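I set out to read this structure step by step and to record what I looked up. The entries follow the order in which I consulted them.

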Amino acid sequence: MRMTLIAALLAAMALPALGADVGIVKVANGSVALEREGARIPAAVGTPVQVSDVVVTGADGAAGITFSDNSLVSVGPDSRFAIDRYAFDTTTYAGEFQGTLSKGRLAAVSGKMVKQSPESMKIRTPSAIMGVRGTEFVVQVDEPAATARP
Amino acid sequence: MARLIAALFAAALAAGCASQPVSPALFAVLPAPDGHIGAIAVEHGGERRVIDTAYGFQQLQPDGSLKPGHLTEVEVRTRFGSTLEALPAPPASFTLYFLEGSDELTASSKEDLEHVFAEIRHRPLPDIVVIGHTDTIGAVQYNDRLSLARAGRMRDMLIERGVPADRIQARGRGERELLVPTEDQVREPRNRRVEINVR
């Protein structure tokens with residue numbers, strides 16, 4: 001019940017930005033795709049990125065995205081990174097960026113919104129959440145230990 | 001509202017941790033190319049740790065504990081080499097200056113133009129925004145037209161050098177955004193400019 005409420009709240013908040021381009025694929029090496037509304041779109045340099053897209057890379061894949069606030073994010077091989085929420089006001093530089101790395105690797109350089117408002121960018125992993133206060137960082141998510149699986 | 005959402009997130013995370021196995025994760029701060037060391041805050045199960053040293057990390061262990069440490073540059077390259085290589089080039093911006101009342105660049109800005117072209121050539125598919133400005137000599141409408149003419153002229157020069165037209169946006173801001181604040185009807189060479197943002 002509680003999870004349903006959260007999901008509904010998140011969906012409602014993500015709505016205003018749906019369909020708008022918030023970033024652009026600048027680097028695409030090997031196998032890179034975007035999952036959007038159930039479809040799988042092969043990603044190439046120049047492919048626009050939207051809120052609720054999921055960046056998916058193969059074993060040989062890596063992708064780099066430049067967002068509208070100049071945040072730079074790259075996703076490494078065998079990875080899955082969802083853009084859950086993204087908003088940026090080009091006049092005030094206020095905004096928020098929330099992404100989930102459910103597996104694989106990510107590197108990022110924060111942009112104008114974090115400079116304006118520390119921790120407006122958050123990266124979630126299956127078991128933790130990270131607030132970005134500045135500049136360059138990396139994240140790696142591993143599968144849960146096999147013995148710990150139900 | 002934001003606080004409520006944060007509380008809900010925390011509750012969801014806590015609930016998740018109790019019932020699901022922990023996905024181990026590593027979070028590390030890298031020095032930026034300019035040497036700046038940033039900071040990140042990692043949260044798990046109500047605990048919050050800040051990392052603010054070069055190559056400093058927090059590692060979420062399978063048992064749910066957070067372990068701090070430092071990576072070596074070699075470890076960073078081994079784990080994140082192909083990921084870091086895929087980071088897009090940071091955006092670059094340039095300012096070029098114009099002769100008074102004209103869309104003709106000054107002699108020194110004509111030389112700087114080569115740096116702009118060089119920067120653009122590095123990028124496989126550049127996105128370019130050109131914003132024209134004027135000083136406060138002349139009427140507002142005249143300066144709106146002049147600033148747009150400057151941006152348009154710059155756009156044409158980029159297209160001549162092979163940049164696809166649909167990658168360039170040109171806008172004019174007239175005398176609304178002075179680099180050097182002045183009274184009305186003041187000659188100021190530093191205000192007669194275009195800003196070129198390349199991504």
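This is a predicted model: local features need pLDDT of at least 70, side-chain atom pairs count only at pLDDT 80 or more; totals for chains, interfaces and linings use all residues.

Entry 1. I then located B:Arg167 itself, in the loop of chain B that runs between helix 4 (140-160) and strand 8 (168-172).

Entry 2. Is B:Arg167 buried or exposed? I noted a relative accessibility of 14% for B:Arg167; this residue therefore counts as buried, since buried means under 20%. I also recorded that its side chain comes to 3.1 Å from the backbone oxygen of B:Pro126.

Entry 3. I turned to the largest nonpolar core, which has 40 residues. The members that touch the most others are A:Val73, A:Phe81, A:Tyr86, A:Met121, A:Met130, A:Phe137 and B:Phe27. I followed A:Met130 and, neighbours within four places in sequence aside, listed contacts including A:Met121, A:Ile123, A:Phe137 and A:Val139 in chain A, and B:Phe27, B:Ile40 and B:Val42 in chain B. Another core, of 20 residues, lies apart from the largest one and has B:Phe98, B:Leu105, B:Leu113 and B:Ala151 among its members.

Entry 4. I counted two helices and 12 strands, in the sequence order α-β-β-β-β-β-β-β-β-β-α-β-β-β. Of its 150 residues, 55% count as buried. The accessible surface of chain A is about 6,300 Å², and carbon and sulfur atoms hold 57% of that area. Among contacts in chain A with a separation of 6 or more, 51% join residues 24 or more positions apart.

Definitions and conventions
Residues are numbered from 1 along each chain as its sequence is written. Chains are lettered from A and ligands numbered from 1 in the order in which they are written. Side-chain values use heavy atoms; hydrogens and water are left out. Helices (H or I, at least four residues) and strands (E, at least two) are DSSP runs, numbered from the N terminus. Buried means under 20% relative accessible area, exposed over 50%, partly exposed in between (1.4 Å probe, protein chains only). Contact means heavy atoms within 4.5 Å. Accessible areas come from the Shrake-Rupley method with a 1.4 Å probe; for residues, only the protein chains shown count as cover. A polar contact is a pair of N or O atoms within 3.5 Å; within protein, one must be able to donate a hydrogen and the other to accept it, and residues adjacent in sequence count only if both atoms are side-chain atoms. A nonpolar core is a set of buried Ala, Val, Leu, Ile, Met, Phe, Trp, Tyr and Cys residues joined through side-chain atoms within 4.5 Å.
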